[in-house]
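Biologist: I am new to this structure. Please show me how to read it, one feature at a time.

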Amino acid sequence: MASEYEGMWKSLGMDLGAHDQLLAVLGQGYTDVFLSQANRPKGMDYFNFVMSEVHGLRIKEMLEAKEQGEKIVGSYCVFVPEEIVRAAGATLVGLCSGADFAMEEVERVLPRNTCALIKSSFGFKLGKVCPYLESADMIVGENTCDGKKKSYEELNKLVSNLYVMDLPQTKSENARALLKAEFVRFAKAMEELTGNPITVESLKKGIAITNAKRQAMHRLEALRKADPEPISGLDALLASQVSFYDAPVRFTESVNALCDELEERVKDKVAVFPEKTPRILLSGCPMAVPNWKLPWIVESSGAVIVGEESCVGERGLRNLTDDSGQDVESLMEAIVDRYFKIDCAIFTPNEDRADHIVQMAKDYKADGVIQYALNFCQPYQIEAMGLESRMEKEGIPMLRIETDYSPEDAEQLKTRVEAFVEMIG
Amino acid sequence: MIFAGLDIGSRSMELVLLQKGRVVEWRKTDTGYDPLGQASLILEGLSWDSLTATGYGRKLISDAMNAQAITEIQAHALGVRELFPEARTILDIGGQDTKAMALLPNGKISRFEMNDRCAAGTGKFLEFMATSLSQPLEEFGGFALTGRPGVAINSMCTVFAETEATSLMAKGCKAADIALALHHSVVRRSLSMLKRVGLNDPVVFTGGVARNPCMVKLLEQDLAMSLCIPENPEMTGALGAALYGASNARAHSTASK
């Protein structure tokens, strides 16, 4: 059956055959992982709908706005300041990087031992299957890890609209000055792209939209502290993932509606898993759609995920931006302050992250922490080694997992996760 | 009551029947390409009150045969503590997996490590190498013990290690020396896993590879301690599964009283 969006995808220059295959796999995966769950909150219907239209209606909506002059900015990282993008009247979307695609093509451009996330972003470009990437007016790359910053040199040969933002690697004064300079440069680039000046009013509006989204997610996080948890970890992760794609105001409303329902569920002790189900904190690399492998394994092994210490999770959502400034300069300072606190593993040293994991494990009453790193992601892999002894000192059981997007190690992962759950249960 | 424990590994499956805390029957067969069919064969003519499955085929059996399932990590810990109540560290090398486990003084698992996705350092590696050196698997350890030290295999990868072995043969190295080097490479890998979980005496060595005398000798040499090895080292998982069934039944009957 031909999709009603075929014309739209074709106009974006996408490979329809390959894209059909991708959607079929994505649809099947979504059915198996999400729709098969028992006793989901009704509020998840909205997210089911968004996912079923993630390459359809949402793109159509964005392209219609684009015809009215609204620019689309694509990003691969939570360091891209959403407040500034919104202040310029543009929309910000996360670009696809959560599934293996066109790997033979990718390995002609990148070494085999590159992490799955980077390879995936190239696969979606080379395979011409990401409508977000193809509709973007600007793609923002950011100098986080070596893998990403070097591969942007290669991505720059494949796209005409890449903007690379430099990022600091320490939390020193000089490092903060670099971030500030880069955000100022980015604000100028946004003004140039959109033709809209960034003013006190527009910045305040951008901050308000972005903060509201974060506050709604903070509400969701807080509700997950309940035992039994009123929502599965998979569904909560999905809400985080959708936050990268959806129109922000509508997203915020939907998350708040979900939270209203969850408050009732907590009162009535309605849950997805029985009380006393072992509680797991997932920590480490980001999980982009449709990278659901590990959370799915965890939640089908008799445990529930209570939090994500991840860019797609609390690392990306923690802290609001102070909106009290009365001029552009002080609002920009507030934005820099907020982003400078992100405890990504590219920073050295990065003790904040370890402290946050310990704090989250306590707050969410986690029985154990699963450290998840993508193969070849040195920053998170190396931090996981150090975290092992820190967690031991804190008396928090920890399992270290290194994997990628392929299903080939699912059975071995299952054994390890099940054994970990038996151990902490 | 009779408690059955079935360990469905990648290469072989083992069955233990437990009655009044004693092993009354044990059997072993190849897993082959039809684990469910093989499981039916190994269970033929037997009766039991509760069946607990472990190993990589545990889910298959628990779905098809109304059995409980536990991971091989837990099964080995239970089985080993039955045989060696003082055990603090376990090394299990089976056909497809190598596992290292640290136990608390009360027998609970405190940490474990498992090889990920490839056959490096497992029984499969030794089997593959025995074939490439034209040695029967059962005699491979004894053969390696006749080798002289001085040759090194550096690759952990089964395929690359064979390439290395082939080039050593081409240089005129003796097969027994190469066999010894291959054993050393598995031992190195096992040691790094053991060290990661933390080494506490006594260390118990289980799994089919614990029957290999060269592995035992090299491990004991490098650890500078002696290893405890069960009489039937490949049975530990099945024994642990049966024990799990028994303790579960006890917990149930206490709860219903």
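Modeller: Start with a definition. Two strands pair if DSSP finds at least two bridges between them. Keep in mind that this is a predicted model.

Biologist: In which sense do strand 6 and strand 9 of chain B pair, parallel or antiparallel?

Modeller: Strands of a sheet pair through backbone hydrogen bonds, and either sense can occur. Here, strand 6 of chain B pairs with strand 9 of chain B in the parallel sense, over 4 bridges. One partner pair is B:D92 with B:T206, the latter in strand 9 of chain B.

Biologist: What does strand 10 of chain B do?

Modeller: Strand 10 of chain B runs parallel to strand 9 of chain B, and 2 bridges join them. B:C228 in strand 10 is the bridge partner of B:V204.

Biologist: What is the order of the strands in the open sheet of chain B?

Modeller: The order is 8-7-6-9-10, with 5 strands and mixed pairing. The edges are strand 8 (109-114) and strand 10 (227-228) of chain B, each pairing on one side only. Strand 7 (residues 98-103) of chain B meets strand 8 of chain B in the antiparallel sense, over 5 bridges. There, B:K99 has B:M114 of strand 8 as its bridge partner.

Biologist: Which way do the side chains of strand 9 of chain B point?

Modeller: In a regular strand, side chains alternate between the two faces of the sheet. In strand 9 of chain B, B:V203 and B:F205 point one way, while B:V204 and B:T206 point the other way. Are they buried or exposed? All four are buried.

Biologist: Which helix lies across these strands?

Modeller: Helix 3 (residues 72-83) of chain B lies across strand 6 (89-93), strand 7, strand 8 and strand 9 (203-206) of chain B. Its angle to strand 7 of chain B is about 55°.

Biologist: Where are the domains of chain B?

Modeller: The domain assignment gives domain 1 (1-84 + 233-257) and domain 2 (88-229) of chain B. Their C-alpha centres lie 26 Å apart. In contact are 13 residues of domain 1 of chain B and 22 residues of domain 2 of chain B. On the domain 1 side, helix 3 of chain B gives the most, with 5 residues. That side has 5 nonpolar, 5 polar and 3 charged residues.

Biologist: And chain A?

Modeller: Chain A has 19 helices and 8 strands. Its radius of gyration is 21 Å, close to the 22 Å that the globule rule gives for 425 residues, so chain A is as compact as a globular protein of that length. Of those 425 residues, 51% count as buried.

Key. Residues numbered from 1 in each chain as written. Chains lettered and ligands numbered in written order. Predicted model: local features only at pLDDT ≥ 70, side-chain atom pairs only at ≥ 80, totals over all residues. Rg over C-alpha atoms; globule rule 2.2 N^0.38 Å. Buried ≥ 20, exposed ≤ 12 C-beta atoms within 10 Å, placed from the backbone. Contact = placed C-beta atoms within 7 Å. Axes fitted to C-alpha atoms, helices over the stretch in contact; angles between N-to-C directions. Domains from an automatic or database assignment. Nonpolar A, V, L, I, M, F, W, Y, C, P; charged D, E, K, R; others polar.
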